[in-house]
Amino acid sequence: MSRGSGGGYDRHITIFSPEGRLFQVEYAFKAVKSAGNTSIGVRGKDSVCVVTQKKVPDKLLDQTSVTHLFPITKYLGLLATGITADARTLVQQARNEAAEYRFRYGYEMPVDVLSKWIADKSQVYTQHASMRPLGVVSMVLGIDDEYGPQLYKCDPAGHYFGHKAASAGLKDQEAINFLEKRMKNDPSFTYAETVQTAISALQSVLQEDFKATEIEVGVVQMDNPEFRVLSTEEVDEHLTSISERD
Amino acid sequence: MDQVDFNAPHSMGTTIIGVTYNGGVVLGADSRTSTGVYVANRASDKITKLTDNVYVCRSGSAADSQVVSDYVRYFLHQHTRIQLGQPATVKVAANLVRLLAYNNKNNLQTGLIVGGWDKYEGGQIYGVPLGGTIVQQPFAIGGSGSSYLYGFFDQAWKEGMTQDEAEELVKKAVSLAIARDGASGGVVRTVIINSEGVTRNFYPGDQLPIWHDELESHNSLLDILGAPEPMNI
């Protein structure tokens, strides 16, 4: 029997298809790819770096207002790949949640706790007919008091895992192949190596050499645990090091 | 002699001060937290951070002032991080303190001095006394020890001091209040906030000036005479 578009199951996400699939969730993953961006995250020995493209399609758009990289608290960052509007509402809720956590419990929300919260919320959407899943894959980064640098990835299905390296978006599979090769022997990257691995992964996968203004790079480091977005000058330095190395 | 009740609510008696100078503000406080006549904490820190650029001096009930600070820090964090995307202004912080103090006036007993620096208005001091008034002042004093400082400031305060002059003034004032107010004591803490950031200073008793009928501080006689041997039972 051919069930090209999933028959009647597309419309009701509470219902499994006869093969045991949730079509709405699969469509959500497709929506993430449809946004056209690719993102990469790499965890090093004492730092984490995430990088994504900064595509500004319209010349009349104010470049400074286009971003996919959001501080959630001083110490936690979130890189959202997929539908920007969905990303913004997720970030808004995550910021509220993290602020309340800090107020209620007296210490900063850890990376894995925030990721779990995002994932659990996403799972709820896969069980309610009234709400669709969000078309966003989130990469959460931060320095944990006990475990050091952490990179988590959360997806529309409600999965969340810690990663040594992760990718999301249009060319995620190619990125993973590149990263697997680079990180095969379980290397311990320094801060510079972490950033440059992430950026060169993106360059290789998209097959273009970037200018500093075309990518967004976010980092956390053990000796500076505040989440920060690199300035154009800092990105330029890393791009130069990469091209000198090659 | 009354029994000391260790479980009584902790009050901070206190002397707190905030002054503006040409470049920022200096906040100062004593460090005594008392429960009746018992000193529950002789080294408390009454100058609390609300944001990187705004601090608050707390007086009155220790619990009430802590919880007000916690709420304001939480709201300011949301305001800054979620809405504004840039550091909060001192005025906003002071207003949030004031709203909590006013709307809960029947249940709170705390006087606060909010001080900080922002890029729009520079250094500012706001007093939020009991009842929830808000008033911006070039300098503010609060707490039980402040009663002894009104005359002193009338004479010693001047506009446009340097950072060192301002800090000396604050240190001197807190130390005078400690000398006369039983509910103030311990060490003097100061916090200086300006465009460059925040500096915390600490002045223990032996670094403070001696006033006319005070004795010099010296080490305990136990150090000189030698500690007695513990008994072997």
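Which side chains meet in a salt bridge at 3.6 Å, N to O? They are those of E214(A) and K211(A). E214(A) is partly exposed, because its relative accessible area is 26%. K211(A), with a relative accessible area of 53%, is exposed. The model is a predicted one, and a search of the whole structure finds 16 salt bridges over all chains.

Another of these salt bridges joins D172(A) and K33(A), whose closest N and O atoms are 2.7 Å apart. D172(A) belongs to helix 4 (residues 172–182) of chain A and K33(A) to helix 1 (residues 23–34) of chain A, so this pair ties together parts that are 139 residues apart in sequence. Both ends count as partly exposed: D172(A) has 22% relative accessibility, and K33(A) has 33%.

The next pair crosses between chains, running from K74(A) to D52(B). K74(A) sits in the loop between strand 3 (69–71) and strand 4 (77–82) of chain A, while D52(B) sits in the loop between strand 5 (47–51) and strand 6 (54–60) of chain B. In this salt bridge the closest N and O atoms are 3.3 Å apart. K74(A) counts as partly exposed at 23% relative accessibility, and D52(B) is partly exposed as well, with a relative accessible area of 46%.

From here the view turns to the contact between the two chains. Eleven residues from chain A and ten residues from chain B take part in the contact. Together, chain A and chain B bury about 930 Å² between them. Of this area, 59% is on carbon and sulfur atoms. The count of salt bridges between chain A and chain B is one. Two residue pairs are found in polar contact across the interface, both at pLDDT 80 or more. On the side of chain A that touches chain B, helix 2 (residues 84–105) of chain A gives the most, with seven residues. By class, that side of chain A has four nonpolar, three polar and four charged residues.

Aromatic rings also need a look. Over all chains, a search of the whole structure finds eleven aromatic pairs. In one of them, the rings of F103(A) and Y74(B) have their centres 4.4 Å apart and their planes at 10 degrees; planes under 30 degrees apart count as stacked, so this pair is stacked. The pair crosses between chains, from F103(A) in helix 2 of chain A to Y74(B) in helix 1 (residues 62–84) of chain B. How exposed or buried are these two residues? F103(A) counts as partly exposed at 27% relative accessibility, whereas Y74(B) is buried, with a relative accessible area of 12%. Ring pairs link F103(A) and Y74(B) with Y71(B) and F75(B) into a cluster.

The last stop is a residue of chain A, H238(A), which lies in helix 6 (residues 232–245). Is H238(A) buried or exposed? Its relative accessible area is 10%, so H238(A) is buried. Leaving aside residues up to four places away in sequence, H238(A) touches Y191(A), A192(A), V195(A), Q196(A), I199(A) and L230(A). With one of these, Q196(A), the side chain of H238(A) also makes a polar contact of 3.4 Å.

Conventions:
Residues are numbered from 1 along each chain as its sequence is written. Chains are lettered from A and ligands numbered from 1 in the order in which they are written. This is a predicted model: local features need pLDDT of at least 70, side-chain atom pairs count only at pLDDT 80 or more; totals for chains, interfaces and linings use all residues. Side-chain values use heavy atoms; hydrogens and water are left out. Contact means heavy atoms within 4.5 Å. Buried area is the accessible area (1.4 Å probe) that two parts lose on being put together, summed over both. A salt bridge is a side-chain nitrogen of Lys or Arg within 4 Å of a carboxyl oxygen of Asp or Glu. A polar contact is a pair of N or O atoms within 3.5 Å; within protein, one must be able to donate a hydrogen and the other to accept it, and residues adjacent in sequence count only if both atoms are side-chain atoms. Helices (H or I, at least four residues) and strands (E, at least two) are DSSP runs, numbered from the N terminus. Ala, Val, Leu, Ile, Met, Phe, Trp, Tyr, Cys and Pro count as nonpolar, Asp, Glu, Lys and Arg as charged, and the others, Gly among them, as polar. Rings of Phe, Tyr and Trp (its six-membered ring) pair if their centres lie within 6.5 Å; planes under 30 degrees apart count as stacked, over 60 as edge-to-face and the rest as tilted. Buried means under 20% relative accessible area, exposed over 50%, partly exposed in between (1.4 Å probe, protein chains only).
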